[in-house]
Amino acid sequence: MIRLAIQSKGRLNEESVKLLKDSGIDVDDTKRKFIGKASDFPLELLYLRDDDIPGVVCDGAADLGIVGFNEIAESGADVVVIRKLGFGKCRISLAVPKEVDYPGLSWFQGRSIATSYPSVLKKFLSEQGISAQIREIKGSVEIAPTAGIADAIFDIVSSGGTLVSNGLREVEVVLESEAVLIGRKDAESGKQKLIDSILFRFDAVRESRGKKYILMNIPSDKLEDAMRLLPSMRSPTVMPLALDGWCSIHSVVDDSDLWHTVESLKQIGAEGILILNLDKVID
Ligand code: ATP
Ligand code: MG
């Protein structure tokens with residue numbers, strides 16, 4: 001049995017549970033208990049505040065955790081990042097009131113900065129040789145300049161909308177973050193097999209995201225042109241059709257290239273193009 005700590009509610013909860021479910025690990029997320037059990041995998045789930053996850057993994061109360069990289073950086077917990085998970089993307093940035101004529105980092109010299117990430121900020125300022133006052137506040141950091149609590153803020157930004165609506169402007173990105181799977185350096189050998197099995201499933205799910213399975217019919221004399229348009233995992237699968245002079249091609253395409261590829265394929269004579277969702281990809 002292994003234990004995985006995930007956020008009990010908040011921005012990472014839904015995606016964490018979805019990753020488990022897509023990995024065939026059924027968790028009952030409706031009861032909001034502190035501890036839950038997967039019905040079909042030897043896994044216990046700890047539902048925690050995200051701030052507590054790095055420490056709990058470091059201490060050994062959980063074997064694995066899913067948490068924002070920003071929380072690892074702030075806690076300084078001695079854990080290893082096993083995988084980046086591709087969701088919960090954000091950055092921690094310095095922002096100043098929009099009317100400030102910002103000359104560069106020297107602006108912060110002698111000024112005060114409100115943040116919930118004092119350790120990350122302290123480290124950054126000392127690396128940059130800036131001496132500023134750090135005002136730690138737990139929430140609503142973005143209102144600090146208007147409220148006269150600090151001259152600037154150091155906070156999480158994703159779209160930037162919150163900054164704009166509070167009359168602030170992002171001036172320095174200090175840390176890029178996303179949700180990560182964390183563990184300990186020296187997992188107990190008995191548990192490593194289960195951890196590897198979870199990783200195998202997570203990787204298969206992650207690998208399928210952002211990709212589509214595409215199949216179509218194409219005149220055989222256009223096959224080479226079509227192959228050039230279709231980068232695939234190894235190379236596209238080609239099968240003859242019963243109709244002479246035609247074949248069928250199957251391939252995997254990134255979502256970002258999908259429409260461009262489909263248009264180009266149509267132009268060279270592809271017909272009956274089918275685009276399907278991919279469930280899992282195992283390399
Ligand atoms: P908890 O109650 O678990 O302590 P919280 O309020 O500290 O929750 P959330 O706001 O749920 O945290 O955010 C969890 C994580 O989501 C952040 O630590 C960060 O990694 C990520 N995240 C992504 N985008 C944003 C955003 N726009 N604002 C805040 N966090 C974000
Ligand atoms: Mg928190």
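Where does the largest pocket lie, and which domains give residues to its lining? The structure is a predicted model, in which local features need pLDDT of at least 70 and side-chain atom pairs count only at pLDDT 80 or more, while totals for chains, interfaces and linings use all residues. Residues are numbered from 1 along each chain as its sequence is written, chains are lettered from A and ligands numbered from 1 in the order in which they are written, and side-chain values use heavy atoms, with hydrogens and water left out.

The protein is divided into domain 1 (2-88 + 178-207), domain 2 (90-177) and domain 3 (211-277), with bounds from an automatic or database domain assignment. Domain 1 and domain 2 both give residues to the lining of the largest pocket, so the pocket lies between them. The centres of domain 2 and domain 3, taken over C-alpha atoms, are 49 Å apart.

A pocket here is an open set of points on a 1 Å grid over the protein atoms alone, where a 1.4 Å probe fits, with protein on both sides within 12 Å along at least five of seven lines; lining residues have an atom within 4 Å of a point. The largest pocket is lined by 37 residues, and Arg11, Asp50, Asn70, Tyr117 and Ile156 lie nearest its centre. Two or more lining residues come from each of strand 4, helix 3 (69-75), strand 9 (152-157) and helix 5 (161-165). These elements are DSSP runs numbered from the N terminus (helices: H or I, at least four residues; strands: E, at least two). Strand 9 provides the largest share, 4 residues.

Asp50 also takes part in a metal site: together with Asp51, Asp50 coordinates the magnesium ion (ligand 2) through OD atoms at 2.1 Å. Donors are N, O and S atoms within 2.8 Å of the metal (3.2 Å for Na, K and Ca), and the site may look incomplete because water is not among the atoms. Asp50 is buried, with a relative accessible area of 19%, whereas Asp51 is partly exposed at 41%. Buried means under 20% relative accessible area, exposed over 50%, and partly exposed in between (1.4 Å probe, protein chains only).

Gly68 belongs to strand 4 (residues 64-68) and counts as buried, at 5% relative accessibility. Beyond its neighbours within four places in sequence, Gly68 is in contact (heavy atoms within 4.5 Å) with Leu12, Ser177, Glu178 and Ala179.

Finally, Ser140 sits in the loop between strand 8 (133-136) and strand 9. Its phi is near 50°, a positive value in a residue other than glycine.
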